[in-house]
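Me: I would like to learn how to read a few features of a structure. Could you walk me through them?

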Amino acid sequence: MIVSSLYENICRFINNEILSLCDWPEIEAIIANRQQARINSANAWVDILPSLACAACGGDVEKSIPLAAAWSLYIFAGRIVDDIHDDEGKGHLWNAAGTRQALPTALFVIGIAHMALARLQPPAQANGDILDAYGRVLSVAAQAQREQHSLSLDALSVEVYFNNLVSRTAMAFATAAWSGGKLASANPETLTAMYNFGLAVGIAIQIEDDCEDLVKSDLIAGIYTLPIIYGLSQTQHSGHSELVAHLSVPAKMSTSQVNTVAAILTEMKAFHWSRQMAGIYRVKAVEALAALPSGSGTACLRDFALGNCQV
Amino acid sequence: MASILAVPTQIDLSSGVIRNIVIEMVDMAQALGLSSNKQTACSTERYAYFLELIERYNNFDPFPFPFPDQRWT
């Protein structure tokens with residue numbers, strides 16, 4: 001299965017079947033720009049997840065194109081909203097005129113994601129279940145997004161962090177993989193496998209993202225994730241009190257403080273430990289595939305789980 | 001090990017399901033050495049399963065593919 005050609009099919013569907021009905025050239029340019037940025041990257045694998053899941057469960061990949069299109073558009077909308085919320089993404093086309101542009105763009109993208117879902121082929125009951133699941137996962141993620149920004153350092157715990165991660169990301173991946181399987185199969189064992197696969201992959205990818213973003217943006221924004229939680233748990237480490245002191249200052253961190261905190265966390269092996277946690281969930285995702293028939297779709301999901309995302 | 005999740009012929013996104021996933025993740029983190037204030041004990045069966053997963057992860061050493069350096073969104 002060639003990932004880039006599948007991704008191209010999804011882009012073609014969005015552009016020809018959906019955007020052509022909407023008559024907003026500015027958005028067409030924004031979406032084309034995003035598609036171009038993702039087609040040759042590992043992110044293309046994320047966008048085609050429902051199609052890979054459908055293929056792994058023995059389904060017709062063509063029928064999964066509207067589903068993968070909707071999923072990729074929901075991800076895009078989520079990214080825009082996340083950037084608005086975190087005051088990031090200034091360099092992106094969708095944000096060229098600030099929130100006044102980003103907000104309607106996000107709403108538009110959610111709207112066309114709904115249009116894509118409405119173009120799913122029968123069976124109708126499966127489609128109703130999928131629509132319901134996407135609506136619910138969006139509402140769960142929105143609530144978690146709100147809670148992430150209202151967390152003080154005192155309220156931070158591994159339970160709170162995992163709850164936020166599962167609600168914002170892992171459930172979305174579980175829904176994407178499950179829904180692809182749902183187009184192909186009504187077998188509970190198969191659907192459970194897809195659900196568990198998506199859940200584990202989503203956990204791994206978000207932990208890795210959080211490791212990457214911590215120094216780039218999260219520390220300055222006051223968003224504390226798994227490496228910080230691990231660092232705070234290392235009470236016997238010589239850098240612990242300095243770490244606590246830096247995190248306890250209410251003002252925004254300077255670049256120098258961010259670098260100091262990153263150095264302490266590296267010394268504590270907090271990033272290494274967090275990536276180990278992610279890696280274990282990648283192994284867990286591979287394990288979930290044991291319930292599926294072997295074939296190119298399942299092989300692709302295995303590659304995805306292990307991070308072998310060639311395009 | 002059996003899944004802790006409900007069979008998703010219709011997906012379950014309730015807070016109860018999310019809580020169960022979180023409890024499993026905390027248990028996993030503890031098996032990997034994180035100290036936590038969590039009071040409930042992890043079952044022997046679950047703990048053994050986590051150790052097996054950790055062992056399988058460690059057997060990759062190094063993990064076959066680099067971690068991505070870009071946001072998935």
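Predicted model: local features only at pLDDT ≥ 70, side-chain atom pairs only at ≥ 80, totals over all residues.

Me: Is A:Cys54 buried or exposed?

Reply: Residues are numbered from 1 along each chain as its sequence is written, chains are lettered from A and ligands numbered from 1 in the order in which they are written, and side-chain values use heavy atoms, with hydrogens and water left out. Buried means under 20% relative accessible area, exposed over 50% and partly exposed in between, with a 1.4 Å probe and protein chains only. A:Cys54 is buried, at 1%.

Me: How many disulfides are there over all chains?

Reply: A disulfide is a pair of cysteine sulfur atoms within 2.5 Å. The search of the whole structure finds zero. For A:Cys54, the closest cysteine sulfur is in A:Cys57, and at 7.4 Å that is too far for a bond. A:Cys57 is buried too, with a relative accessible area of 12%.

Me: Which residues of the lining are closest to the centre of the largest pocket?

Reply: Rolling a probe the size of a water molecule over the atoms shows where empty space is left. A pocket here is an open set of points on a 1 Å grid over the protein atoms alone, where a 1.4 Å probe fits, with protein on both sides within 12 Å along at least five of seven lines; lining residues have an atom within 4 Å of a point. The closest to the centre are A:Gly78, A:Arg79, A:Ala141, A:Gln145 and A:Arg168, out of 36 lining residues.
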